[in-house]
Amino acid sequence: MGRPLSKAKPMHGETALPMEFGPAGPLRGTPGLPGDKSISHRALMIAAMARGRSRINGLCEGSDLHSTASALRAMGVRIERDGDSWTVDGVGSGCLLQPERALDMGNSGTSTRLLMGLTASHPITATFTGDSSLCRRPMDRVTGPLGRIGADFASAPGGRLPVTVRGLCPAVPAVHRLDIASAQVKSALLLAALNIPGITRVIEPVPTRDHSERMLAQFGADIEVRATEEGGREIALRGEAELKPREIGIPGDISAAAFLIVAALIVPGSEIAIRGVGVNPMRRALVDLIGEMGGRIALRDRGDRDGEPVADLEVRHSKLKGIDVPPALIPAMIDEFPIFFVAAAFAEGVSRTSGLGELRVKESDRIAAMAEGLRAIGANVEESEDGLAIEGSGGAPLAGGARIESRLDHRIAMSFAVAGLHSKTPIEIDDMRPVATSFPGFAETQRGLSR
Ligand code: S3P
């Protein structure tokens, strides 16, 4: 399992990293986990807006975080690795400098959209660009709302990258009602609000991950969150914030853990424990859903790490039953659908999903990528505009034996790397490089568990 293949093909001037994932023995042990990617982005950006030195422990070391760090450095923030932690010399809100060159955000949508928010209320002009996956993704969802604070945007056709932001300072405090459920859009507006005089309000009809709100509160922002009558949330943030630098710890990434969780669930005889995983209610829906599918997963030693709930997870091989995913759970497992589809392909009976149109505009079109890949390895899949119906194997191995394109999408690559562990013949992934955006060392971690 997890064997690098000798042949390599050139891609974007570099060398692709094909790997093969085949049948494995039981997974056993306590794997290490990267820090939560979403929370890590926020920690860097919010620490940059405090005045003075912050220390971050457990930061995700994926290349998406390097995109955030280099963009902040290009705007005058000193960020350095210091042993196991990172130091950020925050400049204070309003004090980002004009970058000299375009900001290359690589593959990272979160870096791009959140930093567009941060720059929109600064008196600077910044151009954002990225790789071919990122340049296909819609940016008008942030440039539209940020236009209402007075910032100006020039985008490539279709509201895509490259995008040049001309920030306005002082920008205008406004009441924003989100028309899509997106933590990235909400966070872009809240980060912009840090440097806007007065109170900015963001109303989200459907609650999404609240890491920005929690992290802002940790750094001393004047922020209030209340539930709305329609079941959403209203967030009020007072701008011209004087954030205080601090030391902060990042929980393990539940979205990275999800791949190891499903690997342990589908490979007979497996039993693993994952420590210090972030279990924010707006992120942990996959764990709850797996319980309903009959998965043996237990949460122990629950605690809190700097404002975020954490727990240890124990997972054992299980007989899973197919399930219809309630649409209300979608925001709290939006990144977990690729690996959920793999779990469904090994469950007994049919699993159905709908309302997943957003998956078509992630790092790849995840509905198409998963439907095509799962069929190629022998699963029974029906694709609709906004979801998949999957008839599972009842726990039996799938045929495998296919070559899967990772499409510059880390989660597609890791999903099929997991599926390969319980397939009759190995699955080849054409390029594992995208995995380094969020989970460097994933293949070694997975391999280490079945030794
Ligand atoms: C993220 C929010 C989600 C998620 C992405 C990370 C974040 O995107 O899919 O991987 O860190 O805010 P949307 O806000 O577009 O749903």
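Predicted model: local features only at pLDDT ≥ 70, side-chain atom pairs only at ≥ 80, totals over all residues.
**Entry 1: who surrounds the ligand.** I began with the shell. I found Ser38, Arg42, Thr110, Arg141, Ser182, Ala183, Gln184, Arg209, Ile334, Asp335 and Lys362 around the ligand. Sorting that shell by class, I got 5 charged, 4 polar and 2 nonpolar residues.

Entry 2: Next I looked up some N and O distances to the ligand. For Ser38, a polar side-chain atom is 2.6 Å from a ligand oxygen. For Asp335, I noted an N or O atom of the side chain 2.6 Å from an oxygen atom of the ligand.

**Entry 3: how covered is the ligand?** I then checked the areas. The ligand exposes 380 Å² when taken alone, and the protein buries 94% of that.

**Entry 4: where it sits.** Which pocket holds the ligand? I found the ligand in the largest pocket. I also asked which elements give two or more residues to the shell, and the answer was α1 (37-49) and α5 (183-193).

**Entry 5: a look at Ser108.** I placed Ser108 in the loop that runs between β9 (103-104) and α3 (109-120). Is Ser108 buried or exposed? I put Ser108 down as buried because its relative accessibility is 0%, and the cut-off for buried is under 20%.

Conventions: Residues numbered from 1 in each chain as written. Heavy atoms only, no water. Near = heavy atom within 4 Å. Polar contact = N/O pair within 3.5 Å; in protein donor to acceptor, adjacent residues only side chain to side chain. Areas by Shrake-Rupley, 256 points an atom, 1.4 Å probe, with all protein chains shown as cover. 1 Å grid on protein atoms, 1.4 Å probe; cavity = no way out; pocket = protein on both sides within 12 Å on 5 of 7 lines; lining within 4 Å. Sits in = over half its atoms within 2 Å of the grid points. Helix = DSSP H or I, 4+ residues; strand = E, 2+ residues; numbered from the N terminus. Nonpolar A, V, L, I, M, F, W, Y, C, P; charged D, E, K, R; others polar. Buried < 20%, exposed > 50% of the residue type's maximum accessible area, 1.4 Å probe, protein only.
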